[in-house]
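Reader: Could you walk me through this model, with the cut-offs stated as we go?
Author: Gladly; here it is.

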Amino acid sequence: MTEMQMVLIVCDAGVTHRVKEIIDEAGAPGYTVLQDATGKGESGLRENTPIWPGLNSVVLCAVPSHCVPRIREGLDVLRKQRSARHLPLKMFVWNLDEIG
């Protein structure tokens, strides 16, 4: 049985398309995108208001473990390409046990 991991990516809504491309290029079997996410993190408040502008996306994908380094590397490249401003872009990973 293939070892699986869950990847959770929180990103600026403007780079969601590129994040999905990175996931596809890494060989992931699929993903789920939750759009128009608001919240608070290292980038500050993002509430899609004039005072706290901006929206995020949350991308979840259950992937074979060998895909995780490729996704991370793709996100690192994206971060470097967008270094002119602080880009909300975080990746979290945890192990999965498939039960059904």
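Author: Buried means under 20% relative accessible area, exposed over 50% and partly exposed in between, with a 1.4 Å probe and protein chains only. This is a predicted model, where local features need pLDDT of at least 70, side-chain atom pairs count only at pLDDT 80 or more, and totals for chains, interfaces and linings use all residues. Residues are numbered from 1 along each chain as its sequence is written, and side-chain values use heavy atoms, with hydrogens and water left out.

Reader: Is Arg46 buried or exposed?
Author: Arg46 is buried, because its relative accessible area is 11%.

Reader: And which side chain does Arg46 join in a polar contact?
Author: That of Asn56, at 2.8 Å; a polar contact is a pair of N or O atoms within 3.5 Å, where within protein one must be able to donate a hydrogen and the other to accept it, and residues adjacent in sequence count only if both atoms are side-chain atoms.

Reader: What is the bridge partner of Ala37 in strand 5?
Author: Asn56 again; strand 2 and strand 5 run antiparallel and are joined by four bridges. Strands (E, at least two residues) are DSSP runs, as are helices (H or I, at least four), numbered from the N terminus, and two strands pair if DSSP finds at least two bridges between them.

Reader: What order do the strands take in the open sheet?
Author: The order of the four strands is 2-5-1-6, with antiparallel pairing. Strand 2 (32–37) and strand 6 (89–96) are at the edges with a single partner strand each, so one side of each has no neighbour in the sheet.
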